[in-house]
Amino acid sequence: SSKTGMVIRKGDWKYIDQLGSGGFSQPRVVEPKKGGPTGQLYNLEKDPSETTNLYLEYPELVASLKLEIERVVEAGRSR
């Protein structure tokens, strides 16, 4: 599994493997609600301010981006 706080961008899509900002802005970390998203997915072309989390609407895309993050981490090419 990937480290928390990892982000990947592919085309118009940005995937974050956790909830919350993970950085300086609050809330840094948000606990997932039962049945809710466990990460964040945004279409930056349509939503550059990242206001609408599409995580639950695109499960196949989430799974694909999650795998890409795991491959990068396993290859040792992440911080």
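Tutor: Glu68 has a relative accessible area of 22% and is therefore partly exposed; buried means under 20%, exposed over 50%, and partly exposed in between, computed with a 1.4 Å probe on protein chains only. The model is a predicted one, in which local features need pLDDT of at least 70 and side-chain atom pairs count only at pLDDT 80 or more, while totals for chains, interfaces and linings use all residues. Residues are numbered from 1 along each chain as its sequence is written, and side-chain values use heavy atoms, with hydrogens and water left out.

The side chain of Glu68 forms a salt bridge with that of Lys10, at 2.7 Å from N to O; the term requires a side-chain nitrogen of Lys or Arg within 4 Å of a carboxyl oxygen of Asp or Glu. Because Glu68 lies in helix H1 and Lys10 in strand S1, this pair ties together parts that are 58 residues apart in sequence. Helices (H or I, at least four residues) and strands (E, at least two) are DSSP runs numbered from the N terminus. Lys10 is likewise partly exposed, at 43% relative accessibility.

S1, residues 7–10, pairs with S2 in the antiparallel sense over four bridges; two strands pair if DSSP finds at least two bridges between them. Val7 faces Ile16 of S2. Two residues separate S1 from S2 in a hairpin, and Gly11 in its turn has a positive phi of about 60°. S2 also pairs with S3, residues 40–43, again antiparallel and over four bridges. Across this pairing, Tyr15 stands opposite Leu41, and Lys14 has Tyr42 as its bridge partner. The three strands form an open, antiparallel sheet in the order S1-S2-S3, with S1 and S3 as the edge strands, each pairing on one side only.

Both faces of S2 are covered: Trp13 and Tyr15 are buried on one side, Lys14 and Ile16 on the other. Lys14 takes part in a salt bridge with Glu50, whose closest N and O atoms are 2.9 Å apart. Lys14 belongs to S2 and Glu50 to the loop between S3 and H1, so this pair ties together parts that are 36 residues apart in sequence. Glu50 is partly exposed, at 27% relative accessibility.

The structure holds two aromatic pairs; rings of Phe, Tyr and Trp (its six-membered ring) pair if their centres lie within 6.5 Å, and planes under 30 degrees apart count as stacked, over 60 as edge-to-face and the rest as tilted. The rings of Tyr15 and Tyr55 have centres 6.4 Å apart and planes at 20°, so this pair is stacked. Since Tyr15 lies in S2 and Tyr55 in the loop between S3 and H1, the pair ties together parts that are 40 residues apart in sequence. Both Tyr15 and Tyr55 are buried.

Trp13, Tyr15 and Tyr55 are among the eleven residues of the largest nonpolar core, such a core being a set of buried Ala, Val, Leu, Ile, Met, Phe, Trp, Tyr and Cys residues joined through side-chain atoms within 4.5 Å. S2 (13–16) and H1 (59–74) are the elements that give two or more residues to this core, and H1 gives the most, with four.
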